[in-house]
Amino acid sequence: MIRLYNSKTLKVEEFKPIQEGHVNMYVCGPTVYNHAHIGNARPMVVFDVLKRLLEAEGYTVTYVSNFTDVDDKIINKAREEGTTEQVIAERYIDAYREVRRLLNTEEPDITPRVTETMDEIIAFIDELVKSGHAYVADGDVYFSVESVPTYGEISHQKLDQLEAGASERVEENTQKKDPYDFALWKKTDMGIKWNSPWGEGRPGWHTECVVMINNNLGEKIDIHGGGMDLKFPHHENEAAQQEALHGNSLANFWIHNAMVNVDGVKMSKSLGNTLWAKDVVQNLGTNLTRWLISSVHYRKELNFSDETIATARKELERVLNPIHQADVKQAMAGAAGTEDFDHAEYRAFLDCLDDDMNTPNAYAVIFETIKKLNGALRQREIDYVTVDMYRNAVEKMLNVLGITVEKPVITEEDKELYAKWNEAKKAKDFASADIYRAKLTERGIL
Ligand SMILES: [Zn+2]
């Protein structure tokens, strides 16, 4: 039984999909005006692990994540570079996909874009206007938050309290009836724009996800995910629009991952401490990056520093080295081994992840199984069936975390060197043994 923390109810709840055996999951994607930083990489990994976990537990999953390819930031960048919004969007969509590939995260099943959903977005806004939940003000369209009694249910804020706080600040836009009303449509004379019943313009950010969910997954989904920073106002506003138009909650589970810090401080442009995801993965490698990201529970802040990287590196070596050793010894011994795995250990690992994706506890099970693998490898007469049972269990665990194990390719020459190394050790010819050891290390065998 999978249990997940639901931001909407503030509780860890038993997960039951709407349709038996199948899960519909939507995760808000990036606004494509820049490269992905490590903060963007975290939800990619968190929800990829969740998808892999759901699949490991027997569910099929439809995973949808959008690309916001219409936004002020994209328009500004296009102007700066003297090019079109489309060129900017294509460039960063490609870059984003490259990061996903580098991180070994599966590409979502559907990746809708705003530019390809415009007719439906305009129709949705039109219905909101016609049903009295939105109003037109001089070519702009605003959603009336007061028209939805449930407003505040995702972020647990009461509208009157929000309004009291907001009224102390100067409102830049006087067209709004309520400071928390948000733009569904913006009149514009600059940048990319579309025709609408309210004149030329482009949509606000909060409508696209609702429309894309309705289009691709239906009126209610199992899991809606994203970073903690999206909870308010973005997710609150998404939920409000669905309540307004369809009278139902958009998702059963709202899942939010915590933020990423660099050297203990928040990443920001002004501090110049942005870590680009591509650089990180290229420096650390896919496995280490994923190990580090999953080493912290997804609802806790994750810190990228030399120290946390060094710890993750050591931990991952503690896991991968015995597997490598097992593969080498088995190949050298010509042992048949088994495809089977230790079911009890693998189950214990999944149970930890089933408990609101408790990756730190799941890591403890990996280390426990590695300890057993080391024990089996230290036997005078190695039982390769036992070795494989532990080795294969750990590989299956790592695969749920998106970490891959590569089996070493061992040639006849490697085998000869290995035999000579063992003979030299036996004969206490340490000088020769050292030479063979160095050669084997160079070849990646030891
Ligand atoms: Zn969204």
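I began with pairing: two strands pair if DSSP finds at least two bridges between them. I took helices (H or I, at least four residues) and strands (E, at least two) as DSSP runs, numbered from the N terminus.

**Ground rules**

I am working on a predicted model, where local features need pLDDT of at least 70, side-chain atom pairs count only at pLDDT 80 or more, and totals for chains, interfaces and linings use all residues. Residues are numbered from 1 along each chain as its sequence is written.

**Entry: the four-stranded sheet**

I looked up the strand order and found E5-E6-E7-E8, an open sheet of 4 strands with antiparallel pairing. Strand E5 (134–137) and strand E8 (201–203) are at the edges; each has a single partner strand, so one side of each has no neighbour in the sheet. From one strand to the next, the twist averages 20°. For angles like this I used axes that are lines fitted to C-alpha atoms, for helices over the stretch in contact, with angles running from 0 to 180 degrees between N-to-C directions.

I then checked how E5 meets strand E6 (residues 140–143): they run antiparallel and are joined by 4 bridges. Ala134 has Phe143 in E6 as its bridge partner. Helix H4 (residues 118–130) packs on this sheet and touches E5, E6, strand E7 (182–187) and E8. The direction of H4 makes about 100° with that of E5. A contact here puts the C-beta atoms of two residues, placed from the backbone, within 7 Å.

**Entry: the hairpin of E1 and E2**

I went to strand E1 (residues 3–6) and strand E2 (residues 11–14), which pair in the antiparallel sense over 4 bridges. Tyr5 is opposite Val12 in E2. The hairpin has 4 residues between the strands, and Leu10 takes a positive phi near 60° there.

**Entry: the three-stranded sheet**

My next stop was an open sheet of 3 strands in the order E12-E11-E13, with mixed pairing. Strand E12 (265–266) and strand E13 (302–304) are the edge strands, each pairing on one side only. Strand E11 (residues 260–262) and E13 run parallel, joined by 3 bridges. In that pair I found Val262 opposite Phe304 in E13.

**Entry: H2 against H3**

At what angle do the axes of H2 and H3 cross? I noted roughly 110° for helix H2 (residues 72–81) and helix H3 (residues 85–102), whose axes come within 8 Å. That makes H2 roughly perpendicular to H3; angles under 35 degrees count as roughly parallel, over 145 as roughly antiparallel, 65 to 115 as roughly perpendicular and the rest as oblique.

I listed the residues that meet: Ile74, Ile75, Lys77 and Ala78 from H2, with Glu85, Ile88 and Ala89 from H3. This contact has 5 nonpolar residues, no polar ones and 2 charged. For these classes, Ala, Val, Leu, Ile, Met, Phe, Trp, Tyr, Cys and Pro count as nonpolar, Asp, Glu, Lys and Arg as charged, and the others, Gly among them, as polar.

For burial, a residue is buried if 20 or more other C-beta atoms lie within 10 Å of its own, exposed if 12 or fewer, and partly exposed in between, with C-beta atoms placed from the backbone.

- Phe232 and Pro233 are joined by a cis peptide bond, with omega about 0°. Pro233 belongs to helix H7 (residues 231–246).
- His156 is not a glycine, yet its phi is positive at about 55°. I located His156 in the loop between E6 and helix H5 (159–167). His156 is partly exposed, with 13 other C-beta atoms within 10 Å.
- Is Met357 buried or exposed? Met357 is buried, with 23 other C-beta atoms within 10 Å. Its loop runs between helix H11 (343–354) and H12, and Met357 has a positive phi of about 50°.

**Entry: the whole chain**

The chain has 15 helices and 13 strands, and 39% of its 446 residues count as buried. Its C-alpha trace spans about 90 × 50 × 35 Å along the principal axes.
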